[in-house]
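Here's a quick briefing to read with the model open beside you. Take it a topic at a time.

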2 protein chains.
Amino acid sequence: MKFTIEKNVILEGLNNVIRAISTKNVIPVLNGIKFELKEEGLYLTASDSELTIKVLIESKEIKQVHNLGGIIIQSKYILDIVRKMPSDIINFEVIDGLKIKIYTDNNQYNLNCLDINDYPDVKLEVNKDPIIIEGTVFKTIINQTVFAISTQELRPILTGVNFKFSKNNLEVVATDSYRLAKKNIKLETPVEKDVEIVIPGKNIMELEKIITDEENIEIHIFNNKVLFKYKNVHFQSNLLSDNYPNTSNLIPSEFAYIIKVSKKDFNDAIDRAALLTLGKDKNIVKMTLENTKMVINSYASEIGKVEEQLTVETNNKEKLEISFSSKYMLEAIKTMQEEEILLLLNSDVKPLIIKSLTDESLIQLILPIKTY
Amino acid sequence: MKFTIEKNVILEGLNNVIRAISTKNVIPVLNGIKFELKEEGLYLTASDSELTIKVLIESKEIKQVHNLGGIIIQSKYILDIVRKMPSDIINFEVIDGLKIKIYTDNNQYNLNCLDINDYPDVKLEVNKDPIIIEGTVFKTIINQTVFAISTQELRPILTGVNFKFSKNNLEVVATDSYRLAKKNIKLETPVEKDVEIVIPGKNIMELEKIITDEENIEIHIFNNKVLFKYKNVHFQSNLLSDNYPNTSNLIPSEFAYIIKVSKKDFNDAIDRAALLTLGKDKNIVKMTLENTKMVINSYASEIGKVEEQLTVETNNKEKLEISFSSKYMLEAIKTMQEEEILLLLNSDVKPLIIKSLTDESLIQLILPIKTY
C-alpha cells in the first residue's frame, strides 16, 4: 500500500473512524485503524466490537495511488502525527511488511503495524429499503433526548435510547427513571413494518458528532444491530436486547397548572439557585408558585441560601411548592428551541412537564423530589 | 457594610485577590476574602499566609456607599455568584451580623460569613525607595524564566526564582538543576544597595497573571518578604531563605558549534519528534549535526520512530550527536522572541545553550542526556 493524500482529507476520515476506538478495549488489534486501499478508494475501519465505523475516501479524493494493499495502524498517535505534519500533502507507504512510513520531504514517521488479516471480520450489511431521515433533523433528535439516559449499569436497558418506528412516525425516548425525554417526528415515507430498537447511548452520542449537515441518513435495522449510512460513513452499532419499559402512561394528559415563562430567565434563575448546591448529589432547588409570582430557592446549611424571583403567566392562582433537581431541569430547558416555554404541573408529587410553546414534538418530564 | 457596585469593578478586584487563596489551606478564615469598606474605598484581602494580595477599589469607583464596615466572605462561590448576577449593578449588604446579602431587584444570595476581627493581621509594608520596573517588562522576565524552576521539594530553594539586583542590573535565574533560564535587564535607576532574593515560583506565577499592561511595578524588598505594588494591587510574597546556588560558572563563554536555525522549523521538528515519546519520563530526542544538515529523531520501541531534517547555518562541519529532553527544549524555544535562534554547543556531554540572534539578555541552558 502506497498513496499520497491531502492532510485534510485523511484527517476527516480518521476523525470519524477513531470515534469507535475505546480506551477500555483490551484486544490489541482493535486499538488499531484498518487501512485498506482498493481500486475504489481508501477504506478506514475502526471498531470496539460493539460499534464499528467505516469510512470510504474515494479514489478521486486521493492525490496519487502507487499500489493497493492494507495494514492496521495503531490509533494512539495517528491523529496527532497527521495533524502535525509540516506539509498539506502526506505520503503513506507500507515498508518492511509490517511498518507504515508516513512522510513528507523533510520528515518521516515509521510506525509498527499489525497484519490486516488479523482484523476481525465485521459485516456491515445494508437493507434494500432503509429508513431515511435528514441529517440535521436526526442530530436534533439525539441532542434533545440522549442526555436523559441512565449512566448506571444497574438497568442496562436504560443506558440506551429507544427508537420506535410506527407507520410514518418515529418516537424517540430516553429515561433514567427520574426524568424522561420524548421526541416525535414524522417520517417522509412510512415504514413497511413497525419496529422498535434500543441503541446504546454512548454510541448514538458518537453518531451525533459525525453528523454535520442536512444530508440524509439511511437507517438500516437488523435483528441485533443497526447501521447508519451518512455520506461516506458506515456507522454500525449493536442493540440492547432487553425490553424497553413502557413509558406512554407516564405523561399526564391534563394539568392543574399551565405556566408560561421566559426560557432564558427561568434557565438563569435555576442556574444561579443551583450554584450553592454544586457538589451535592441532587442539586435540589425549590420552586414556589403563587399567582404570577415564581420563587426559586435553594439552601446549603454551611454556605447560605439563594432566592430568585420571576414573573410568569399562569391559569391557576393557588399556591404550589415543588422541589426538583436543578441539573435535570437545566438539561431539559436546554433542549427547548423557543424563547418561551411551558411548565405543566398537577401537584408537588406528580411529574413536572416542560414543553415548548408551539412545538408539540418534544416533551421533557422530571420527577419532583420530596423534601421535608 | 452596605454598598452598590458595578459587576465588572468588583469582579476585577475579586479575580486579583482570589489568586492568593490556596486549595491546600486548612485555616478556615483563610478560605475567605476580607471585605473592608472604608472612606477611601473597598479593600479586598486574601492570603494563604505565604502570599497575601490586597486590592483597593477606590470610593469613586463604587456607585453608592450606604455604610462602612467589613466582613469575611467565603471565597468558594463568590466569583461565580458575582459573575452570574442578572444585573450589571450589584448590592452588598451585611445582615444579621455575620451574613452578607448580595442582591439585585429580583434575586439575592445570603451567605454565611466570618467576623472580620478573626482575620490575621498581615502587615503590608512599603519602602520609601522601591525598585521600579515596567509591567510588561516584568511580565516577560517571569515568562522567560519561571518555567525552569524545580517542581520537587527535594531542594526547596530551586522551587523559587532568583532575583539579583546589582547597581543598575537585574539578573533573574531559575533552574531545576537539569536546565537553567537566565535573564538580565537594565534598571532605570541603580539600586542603593545590592540585594538578592528568591521568590517562590508559584507566587511569582500568580503575579504574572495580575500584570496586564506596561504600568510600572514597584518592588519593595524586606528581610523575609517582598511586596509588589501594581496599580491598585498590593502583592506580598514570602521569600525562600536558603542560599541560591551560584550558577554564574555554568554558562561557557566559548563554543565549538554556533548553529543558526529557524525558530519555527526547529520547534515544530522537536514537537513532532517528541510525539512518540509522550508519556515517557524524559521525552528524549536525539539531534545529529553534520555540516548544514540537522537530523532530529526519536525512537519508542513499541510504537516506532520518527526522523526530522532541517537545514541550518553552522561554523563547524564536524559531526555531533547530542540527546536532550524535548520538553525542556520546547519550553526554552518558546521564550525566544525572534524568528531565528542560535544553538551553542561544545560537545555531546556539555551544556547546550539556546539564545536569541541579537538579544543578549536571555540565555536558556539545557543539560544533555546520555543515551547508549
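How are α5(A) and α6(A) oriented to each other? They are roughly antiparallel to each other, a label used for angles over 145 degrees, while under 35 counts as roughly parallel, 65 to 115 as roughly perpendicular and the rest as oblique. Keep in mind that this is a predicted model, where local features need pLDDT of at least 70, side-chain atom pairs count only at pLDDT 80 or more, and totals for chains, interfaces and linings use all residues. Residues are numbered from 1 along each chain as its sequence is written, and chains are lettered from A and ligands numbered from 1 in the order in which they are written.

**Confidence**
- Chain A has a mean pLDDT (the predictor's confidence in each residue, from 0 to 100) of 95, and 98% of its residues reach 70 or more.
- For the complex, the predictor gives an ipTM of 0.90 and a pTM of 0.92.

**How the two chains relate**

**Where they touch**
- Chain A and chain B each put 27 residues into the contact, counting residues whose C-beta atoms, placed from the backbone, lie within 7 Å.
- On chain A, the elements giving two or more residues to that side are α2 (78–84), β9 (107–114), α5 (263–274) and β21 (304–311); helices (H or I, at least four residues) and strands (E, at least two) are DSSP runs, numbered from the N terminus.
- The chain A side that touches chain B splits into 9 nonpolar, 8 polar and 10 charged residues; Ala, Val, Leu, Ile, Met, Phe, Trp, Tyr, Cys and Pro count as nonpolar, Asp, Glu, Lys and Arg as charged, and the others, Gly among them, as polar.
- The copies meet through the same surface, because 100% of the interface residues of chain A are also interface residues in chain B.

- In chain A, the axes of α5(A) and α6(A) (residues 326–334) come within 10 Å and cross at roughly 155°; axes are lines fitted to C-alpha atoms, for helices over the stretch in contact, and angles run from 0 to 180 degrees between N-to-C directions.
- From α5(A), the contact uses Lys263(A), Phe266(A), Asn267(A), Ile270(A), Asp271(A), Ala273(A) and Ala274(A), and α6(A) answers with Ser326(A), Met329(A), Leu330(A) and Ile333(A).
- By class, that contact has 7 nonpolar, 2 polar and 2 charged residues.
- Over in chain B, α5(B) and α6(B) pack at about 155° with their axes 10 Å apart.

Terms used. Two residues are in contact if their C-beta atoms, placed from the backbone, lie within 7 Å.
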